[in-house]
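Keep the viewer open as you read.

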Amino acid sequence: VSGESAVRIAALLPDVLGTYSDGGNVTVLAQRLRWRGIPVEVHTITADRPPPTDCDLYVLGGGEDDAQLFATEWLRRHRPLCATLQDRATTLVVCAGLQVLGRWMQDSTGHRYPGAEVLDLTTEPGRRRAVGEVVSRCTLAGAGTLTGFENHRGVTRLGPGLAPLGRVLRGVGNGSGDRGDGVLTPSVVGTYLHGPVLARNPALADAVLARATGRALAPLELPDQAAVRAERLARTPTRHRPGRRVIGVLRRSTRPA
Amino acid sequence: MVSIRVARSAPMARARAEAPPLRTLAAMRLGTAASAVSRSLGVGAGAVIGGRVALRVDPGLLARLAAGRRVALVSGTNGKTTTAHMLAAALRTRGPVAHNATGANMPDGVAAALMAQPAAPDAVLEVDELHLGAVVDAVRPDVVVLLNFTRDQLDRGSEVRAVAARATAALARHPGTLVVANADDPLLVAALDGVPVCWVAAGADWLADAGAWRGCAGGAGPCPVWRVSDGGVEGPAGKTPLRLQLPGPFNFGNAALALAAADALGVPPGVAAGALAGLDCIAGRYAVVRRGAHVLHLLLAKNPAGWAGLLPVLAPASSLLLVVNARVADGRDTSWLWDVPFERLPDRPAVASGERAADLGLRLSYAGRAHRTEPDPLRALDHLPPGDVHVVANYTAFAGLIRRLTAEGAP
């Protein structure tokens with residue numbers, strides 16, 4: 001692989017937005033490249049380091065409320081990075097990482113904080129915390145059905161030009177009434193799903209990598225991967241078709257002993 | 001340095017003022033009966049159900065059960081059970097101690113421990129960090145030992161900083177309570193700002209939740225009165241040599257906190273250290289069990305900080321059985337496995353096991369660790385060579401394994 005330039009991945013603010021183990025997404029992205037013989041560099045950008053603007057892939061995770069405000073101010077101080085996230089690189093953002101890229105966030109007292117203004121979306125607190133397994137149908141080509149674990153109280157509304165990453169079959173996601181989860185733009189893949197989301201959903205990981213590298217990637221089989229997905233997807237209620245559920249109940253109740 | 005000792009008068013004065021009211025007697029009778037039924041049916045050890053019934057009958061029960069005793073609470077994210085066992089062993093050198101030894105650390109388990117030993121003048125109670133405030137308000141303890149606060153069961157406990165804030169807010173309401181706390185946990189130091197504390201330099205295996213970006217690390221940290229030092233613990237009266245059978249540097253930290261608390265309650269460090277040296281198994285943890293061709297070394301780790309502390313203990317392992325569940329008591333979200341630096345796990349024959357064996361196995365693959373995957377932990381042993389096996393399980397996985405080994409008659 002000599003001469004081939006490495007794919008550069010930036011783990012942004014793992015010290016600030018690292019609470020929900022989304023750093024695992026960086027591990028997954030880097031390993032899936034290495035296993036295919038593609039050289040990779042991982043740059044860990046903690047709050048005390050100036051962020052590079054020439055990476056191929058940026059990853060931002062979830063964190064606590066005050067951490068989120070800190071991350072927002074940090075991003076606003078680094079405008080060239082925001083421009084890169086907006087349209088020059090591929091960016092994966094999860095939970096708080098998704099919220100901070102928006103126009104504003106509102107806290108529980110009603111105060112609005114300006115976001116990094118990379119995406120036309122806004123977030124305010126919902127009535128209840130959304131905690132639990134999520135299943136969604138991803139709109140990104142090839143990514144299929146997503147499984148993940150959400151743990152947040154944000155209600156995220158997308159601006160008129162934006163579409164969600166997936167349609168929620170189980171769980172809450174953005175919580176804005178249209179069963180959307182996250183956001184999908186030509187450069188940004190955003191979601192509320194932890195797990196980490198790329199560990200649970202290798203097809204999404206490869207779709208993100210394909211976007212960032214512009215290469216077609218060879219398939220990769222891992223032991224345990226199918227079981228991890230099957231355990232979560234096996235009993236997905238079909239929320240869109242309540243009729244099926246009734247039939248399911250009838251079938252269960254009439255099953256011979 | 002001034003030695004901190006608990007003033008004994010206040011809690012003792014409110015003691016034994018009157019016979020327990022009828023409601024309390026009824027609560028204790030019913031609770032004891034519920035325990036007996038639960039035990040005879042083989043449902044469990046019976047402690048929790050007894051406490052739950054009794055607390056339902058008399059909500060003021062905890063306060064009345066604690067009155068007149070010297071009470072120490074032990075709380076935090078990791079090390080509660082071990083440190084409480086250490087402190088109980090130290091206090092037992094002078095008499096009976098009420099202690100929730102099985103680690104039933106919710107208010108019902110605490111009540112059950114006090115009911116089981118109504119005459120014990122000392123009580124050492126491990127308390128779940130999410131319930132610390134309520135228990136502190138009810139029992140008005142003489143001493144509260146705080147170990148550390150790190151991320152754990154985020155789906156249940158919410159954010160660690162909020163947990164720490166809630167747990168420590170109650171302490172401000174009880175100025176008569178002596179707080180013994182780990183000076184090396186920045187989150188604990190921040191949460192206890194303004195509360196008088198007997199600080200113990202007990203070490204920290206996990207600083208990722210400390211929030212260095214907040215810039216609070218700039219100021220002078222607390223000045224510890226006690227500290228772990230080479231082969232012992234240093235206190236106000238000098239160094240106490242300490243020999244522990246329990247493995248891991250973190251257990252020296254737990255011991256330093258236990259010695260400081262015992263000293264505050266009137267048991268000198270030399271006496272306490274002797275009692276700690278006798279501990280070799282803490283509610284099944286650190287037990288060494290022969291089973292067929294294997295010798296199992298049972299260890300518990302349930303979050304990234306616990307795992308980080310345990311990794312050095314695994315260095316001499318010849319094979320590994322790792323068991324992970326994700327029930328409510330474990331936290332249903334398995335994301336935390338990705339914060340464990342499994343890349344530093346010694347490269348040995350290993351099996352990923354438990355109800356979330358596949359999640360663990362996937363994590364091990366990404367960490368470059370070859371392994372087998374077998375959800376049943378006892379069947380998993382068939383894949384490991386004879387000899388020593390270091391077994392690391394999280395909360396319900398550990399409890400389930402102990403139950404099955406006991407049923408087999410192995411330990």
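Which side chain does the side chain of Thr83(B) make a polar contact with? Its partner is the side chain of Asn254(B), at 3.3 Å. Keep in mind that this is a predicted model. Thr83(B) sits in helix α5 of chain B, which covers residues 80-91. With a relative accessible area of 1%, Thr83(B) is buried. If you skip the neighbours within four places in sequence, the residues in contact with Thr83(B) are Val74(B), Val145(B), Leu147(B), Asn254(B), Leu257(B) and Ala258(B).

Now for the nonpolar packing. The largest nonpolar core has 139 residues, and the members that touch the most others are Leu101(A) and Trp307(B). The biggest contribution to this core is from helix α11 of chain B (residues 249-264), which puts in ten residues. Zoom in on Leu101(A) and, leaving out residues up to four places away in sequence, you'll find it touching Leu60(A), Leu75(A), Leu85(A), Val93(A), Ala116(A), Glu117(A), Val118(A), Leu119(A) and Val188(A). There is also another core, lying apart from that one, with 41 residues that include Ala27(B), Val71(B), Ala113(B) and Met115(B).

Staying in chain B, look at Val135(B), which has its place in helix α7 of that chain, residues 132-139. Val135(B) is buried, at a relative accessible area of 0%. Beyond four places in sequence, Val135(B) is in contact with Leu73(B), Pro107(B), Val127(B) and Arg140(B). Val135(B) and Met106(B) are 29 residues apart in sequence, with their C-alpha atoms 8.8 Å apart in space.

In one of them, Asp108(B) pairs with Arg52(B), with 3.1 Å between the closest N and O atoms. This pair links distant parts of the chain: Asp108(B) is in helix α6 (residues 107-116) and Arg52(B) in helix α3 (residues 47-57), 56 residues apart. Asp108(B) counts as buried at 9% relative accessibility, whereas Arg52(B) is partly exposed at 46%.

Next, Asp122(B) forms a salt bridge with Arg94(B), where the closest N and O atoms are 2.9 Å apart. Asp122(B) is in strand β3 (residues 122-126) of chain B and Arg94(B) in the loop between α5 and β2, so the pair ties together parts 28 residues apart in sequence. Here Asp122(B) is buried, with a relative accessible area of 0%, while Arg94(B) is partly exposed at 36%. Then there's Arg363(B), whose side chain meets that of Glu343(B) in a salt bridge (2.9 Å, N to O). Since Arg363(B) lies in helix α14 of chain B and Glu343(B) in the loop between β12 and β13, the pair ties together parts that are 20 residues apart in sequence. Arg363(B) is buried at 2% relative accessible area, and Glu343(B) counts as partly exposed at 37%.

Over to chain A. Its secondary structure comes to eight helices and twelve strands, and 53% of its 257 residues count as buried. In helix α7 of chain A (residues 225-233), the buried residues are Gln225(A), Val228(A), Arg229(A) and Arg232(A). Viewed down the axis of α7(A), the buried residues fall within an arc of 90°, so they line one face of the helix. What do they pack against? In chain A, the partners are β7, β8, β9, α5 and α6, and from chain B there is α14. Arg232(A) also turns up in a network of salt bridges with Glu133(A), Arg200(A) and Asp359(B).

That brings us to the interface. Chain A brings 37 residues to the contact and chain B brings 27 residues. About 2,700 Å² is buried between the two chains, and carbon and sulfur atoms give 51% of that area. Glu64(A), Phe149(A) and Asp224(A) supply 20% of the area that chain A buries against chain B, more than any other three residues. On the polar side, the count between the chains is 13 residue pairs in polar contact, and three salt bridges are found across the interface. In a salt bridge between the chains, the side chain of Glu64(A) meets that of Arg161(B), at 3.8 Å from N to O.

How values were computed
Residues numbered from 1 in each chain as written. Chains lettered and ligands numbered in written order. Predicted model: local features only at pLDDT ≥ 70, side-chain atom pairs only at ≥ 80, totals over all residues. Heavy atoms only, no water. Core = buried A, V, L, I, M, F, W, Y, C linked by side-chain atoms within 4.5 Å. Buried < 20%, exposed > 50% of the residue type's maximum accessible area, 1.4 Å probe, protein only. Helix = DSSP H or I, 4+ residues; strand = E, 2+ residues; numbered from the N terminus. Contact = heavy atoms within 4.5 Å. Arc of directions from axis to C-beta. Buried area = accessible area lost by both parts, 1.4 Å probe. Salt bridge = Lys/Arg side-chain N within 4 Å of Asp/Glu carboxyl O. Polar contact = N/O pair within 3.5 Å; in protein donor to acceptor, adjacent residues only side chain to side chain.
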